Amino acid sequence: LGRLTWSRYLVEKYFAKYKWYNPNRDNEDAPSLSKGWAYFEHFTLPRRYNQKVGGHHIRAPPGEANNTKLYSPLLTPQESLSDWGIGMGMYFASLRMT
């Protein structure tokens, strides 16, 4: 499904083997932690299509996995933040100024 987020990488590589993070790791009938993280990345976190239209990223619908990537909170152009309304654009503009 593409590149992993750094948090998913840490969980799958290091934390998943510990009982304090994954109490059901020894239970074969338990839900998959890896599949849960993949669902979170592709349905909950906002994604955009790889190509720009007029310098503006197009937001992908939840669950779209082909030719998409996660929005970068620091590298996303200001125009692309308008998908969430003016408040989101103002918030990230203020973060960039600090």
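**View 1. Asp26 and Lys19 form a salt bridge.** Their side chains meet at 3.5 Å, N to O. A salt bridge here is a side-chain nitrogen of Lys or Arg within 4 Å of a carboxyl oxygen of Asp or Glu. Asp26 is exposed, at 56% relative accessible area. Lys19 is partly exposed, at 42%. (Buried means under 20% relative accessible area, exposed over 50%, partly exposed in between, with a 1.4 Å probe and protein chains only.) The model is predicted: local features need pLDDT of at least 70, side-chain atom pairs count only at pLDDT 80 or more, and totals for chains, interfaces and linings use all residues. Residues are numbered from 1 along each chain as its sequence is written, and side-chain values use heavy atoms, leaving out hydrogens and water.

**View 2. Arg8, Glu12 and Glu41 are linked in a network of salt bridges.** Arg8 meets Glu12 at 3.1 Å, N to O. Both lie in helix α1, 4 residues apart, about one turn of the helix. Arg8 also meets Glu41, at 2.9 Å. Glu41 lies in helix α2 and Arg8 in helix α1, so this pair ties together parts that are 33 residues apart in sequence. (Helices, H or I with at least four residues, and strands, E with at least two, are DSSP runs numbered from the N terminus.) Arg8 is buried, at 7%. Glu41 is buried too. Glu12 is partly exposed, at 32%. The whole structure has 3 salt bridges.

**View 3. His57 sits in strand β2, residues 56-60.** The residue is buried, with a relative accessible area of 6%.

**View 4. The largest pocket has a volume of about 550 Å³.** Of its 21 lining residues, the closest to the centre are Arg3, Leu4, Thr5, Lys69 and Leu70. (On a 1 Å grid over the protein atoms alone, where a 1.4 Å probe fits, a pocket is an open set of points with protein on both sides within 12 Å along at least five of seven lines; lining residues have an atom within 4 Å of a point. Grid points are joined across faces, edges and corners, and volume is the space filled by probe spheres set on the points.)

**View 5. The second largest pocket holds about 190 Å³ of space.** Its lining includes Trp84, Met88 and Phe92.
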